[in-house]
Amino acid sequence: MKHLLVCFISLFILFSCQEQKVSVSKLNESFGARNEVAIVIEDSLWNNWVGDSIRKFIVIQPENQFVNKPMLDIVQYSPKIFSAKAKLSRNILAISIDEKNTFSWQKSVYASPQNVFYVNATDSKEIVTNVKKYADSIVNNIRLAELNEEQHYINRIPTHSDSLFKALIGSTIQIPLYYQLAMYTEEPFLWYQKALPSGDVNLTFYEFPIEYIERKGGTVIEHILQAKDSVAKNYIKGAKSFSYLMIDSSFTPMIEKRDYQNIPYYHIQGKWKMMNDFVYGPYILYVFKDDYYKRYLFVEGFINDTNKPKRDHLMELEAIMQSINFYEDNL
């Protein structure tokens, strides 16, 4: 018995020493344009109906999303030319014909951060079946990762001082310096704007008492949208006389109820138009029910850049909007 104990201790020490000698090499930093995915697949498959189907499932715009651009941009590589540099892509979808139909997802295989999705199938038909089956999961996880990267980018660049925002809104937020303060009032109403070559990207912040939004004579959502329109009519004017921003009622907004820092909020995405003008675009609206200040806080982003791609601007807006911090302990 004593001999076995000595053997066990010796083996434990041996493996412990070996484990200490193991060193995990640091992965290179991944790269790639925002919302880009590298698809690794044989050219013979990519250049026929299989490739057409994959492109349809991976880049298709979701219903009701006003972005004028596919959800993801694609760069295709043949396995033969999938070089060491290409393997550093932030998002990779590797598709191949194999003995089994399988799907897997791994993180940081060749670089960090990185998503690598593997779709294996027994023939061309099964490739399309598997890609269709897992397309939502692939696209959603890439989009979440890209939003996270956008947030990290904003964390690293110069942002506005919190003093004005904290004084008027009672919270903090990271707004890049390339957004200019366009207007503020004591009501409060705050408006930041980023100039574009043919338009602008906008952030606004305002609030309404809980009793106003939850009053009788309509639903909370109806009152939220009415409140949004009333603020826009007062403050967000167009270039033409008597023009102002308002919700485009011909477009059905997407509405979800979510939670952020233990505060419930409505995530609303829809389309706006300029009354008495021909300008229009998308908006994202977060409406937080803030019991501490007895208010509904509106955090809104909208883009004025008619007929230009808006997908990446919308992601930037969401990254900024999700940097809001309600807790004094962290301010």
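Predicted model: local features only at pLDDT ≥ 70, side-chain atom pairs only at ≥ 80, totals over all residues.
Modeller: Strands here are DSSP runs (E, at least two residues), as helices are (H or I, at least four), numbered from the N terminus. Residues count from 1 along each chain as written, and side-chain values use heavy atoms, without hydrogens or water.

Biologist: Happy with that! Which strands are the edge strands of the open sheet?

Modeller: Its five strands have the order 3-2-4-7-5, with mixed pairing (a pair needs at least two DSSP bridges). Each edge strand pairs on one side only, and these are strand 3 (73-77) and strand 5 (102-107).

Biologist: Is Asn-35 buried or exposed?

Modeller: Asn-35 sits in the loop between strand 1 (28-29) and strand 2. Its phi is positive, about 65 degrees, although Asn-35 is not a glycine. Because its relative accessibility is 0%, Asn-35 counts as buried (under 20%; exposed is over 50%, partly exposed in between, with a 1.4 Å probe and protein chains only).

Biologist: And what is the phi of Ser-108?

Modeller: Ser-108 lies in the loop between strand 5 and strand 6, and counts as partly exposed at 26% relative accessibility. Another residue other than glycine with a positive value, Ser-108 has a phi near 50 degrees.

Biologist: Where is Pro-113, and what is omega for the cis bond from Ser-112?

Modeller: Pro-113 is in the loop between strand 6 (111-112) and strand 7. The Ser-112 to Pro-113 bond is cis, with omega near -10 degrees.
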